[in-house]
Each structure stands twice: as structure tokens, then as C-alpha cells.
Amino acid sequence: MRSVTERRQALLEILMSRRQETVPNLMQELGVSRCTVLRDVEALSCSYPIYTVQGNGGGIRVADGYYADRRYLKSDQEDLLRELLAGLTPEKQKVMQGILDTFAKPKTPIANQRRSA
């Protein structure tokens, strides 16, 4: 039997690989209940941009553009760069926006976030 940490790591690896998955598939693959999958997703969503989507085609998803092995700006670094952006020339704004697009952590779609899938 896996520890909670090992199970959550396995869940995260599945999601990073597949980008989305249904709760029933995760239940079967991990050998746990629906409540356990949803608790694990809730816990992981505190550190990773994963979220649930209800309805047809719903399930557990990873925010577009997020990859666990990529390094991202911290929120205070991103805030500072966005603040500095307005004072730059148009050419330098393009460069700065490119940096932000590449290194800012993708946001989960707020409209799609749900506690259950």
C-alpha cells in the first residue's frame, strides 16, 4: 500500500503526463475512493495549477502551459516585472512580455474551478 505522499506524487505524475483525466479512471488506477481522489486533488491544487471541471468532458486538469519540471517566476518577481512593463519603450515591452509569457506561472481558469468533478 502506498503512503499519502507516494499516492499524491503518482496522481501528479499521471496528470502531468496526460494533462487531464477523469475521477473514475484515477480511482481505478490508484485503487482509492472518489473522496480520496478529490481530497488529493484539493491538496495538490494548493501547490500546483490543477483544477476540476464538471460536466461532459470534465475531470481533473492541469493549467495549459504548466509543466512540473519548468522553473517559474515567484509571484513577487512577476508583480515587479509587470509593474516595470508600463515604463518601458514599446520594443522593450515586447521583450519583457516575452519573458513574462515564458516564465510566469500559468493561472488556473477561475471560471472552471470546481470542488468536485
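Which side chains meet in a salt bridge at 2.9 Å, N to O? The side chains of E29 and R18 do, a salt bridge being a side-chain nitrogen of Lys or Arg within 4 Å of a carboxyl oxygen of Asp or Glu. This is a predicted model, in which local features need pLDDT of at least 70 and side-chain atom pairs count only at pLDDT 80 or more, while totals for chains, interfaces and linings use all residues. Residues are numbered from 1 along each chain as its sequence is written, and side-chain values use heavy atoms, with hydrogens and water left out. Helices (H or I, at least four residues) and strands (E, at least two) are DSSP runs, numbered from the N terminus. Burial is stated by relative accessible area: buried means under 20%, exposed over 50%, and partly exposed in between (1.4 Å probe, protein chains only).

**Sheet and hairpin**

- Three strands form an open sheet in the order β1-β3-β2, with antiparallel pairing; two strands count as paired if DSSP finds at least two bridges between them.
- The edge strands are β1 and β2, each of which pairs on one side only.
- Strand β2 (residues 50-53) and strand β3 (residues 59-62) are joined in the antiparallel sense by four bridges.
- Within this pairing, Y51 has R61 of β3 as its bridge partner, and V53 has G59 of β3.
- Five residues lie between the strands of the β2 and β3 hairpin, in which G55 adopts a positive phi near 95°.
- In a regular strand the side chains alternate between the two faces of the sheet.
- Strand β2 is covered on both faces: I50 and T52 are buried on one side, and Y51 and V53 are buried on the other.

**Helix α2 and its packing**

- Helix α2 spans residues 23-30, and its buried residues are V23, L26 and L30.
- Viewed down the axis of α2, these buried residues fall within an arc of 60°, so they line one face of the helix; the arc is that of the directions from the helix axis to the C-beta atoms.
- The buried residues of α2 pack against α1 (4-18), β1 (20-21), α3 (34-44) and β3, where contact means heavy atoms within 4.5 Å.
- After α2 comes G31, with a positive phi near 70°.

**Salt bridges**

- The structure holds five salt bridges.
- One of them joins R8 and D40, whose closest N and O atoms are 2.8 Å apart.
- Because R8 lies in helix α1 and D40 in helix α3, this pair ties together parts that are 32 residues apart in sequence.
- R8 is partly exposed at a relative accessible area of 26%, whereas D40 is buried at 1%.
- The pair of E29 and R18, at 2.9 Å from N to O, links distant parts of the chain, with E29 in helix α2 and R18 in helix α1, eleven residues apart.
- E29 is partly exposed, with a relative accessible area of 41%, and R18 is also partly exposed, at 37%.
- E78 and R82 meet through their side chains in a further salt bridge (3.0 Å, N to O).
- Both E78 and R82 belong to helix α4 (residues 75-85) and stand four residues apart, about one turn of the helix.
- E78 is buried, with a relative accessible area of 7%, while R82 is partly exposed, at 38%.

**Aromatic pairs**

- Two aromatic pairs are found in a search of the whole structure; rings of Phe, Tyr and Trp (its six-membered ring) pair if their centres lie within 6.5 Å, and planes under 30 degrees apart count as stacked, over 60 as edge-to-face and the rest as tilted.
- The rings of Y48 and Y66 have centres 6.4 Å apart and planes at 70°, so this pair is edge-to-face.
- This pair links distant parts of the chain: Y48 lies in the loop between α3 and β2, and Y66 in the loop between β3 and α4, 18 residues apart.
- Y48 is partly exposed, with a relative accessible area of 26%, whereas Y66 is buried, at 4%.
- The rings of Y66 and Y72 have centres 5.2 Å apart and planes at 15°, so this pair is stacked.
- Y72 is buried, with a relative accessible area of 18%.
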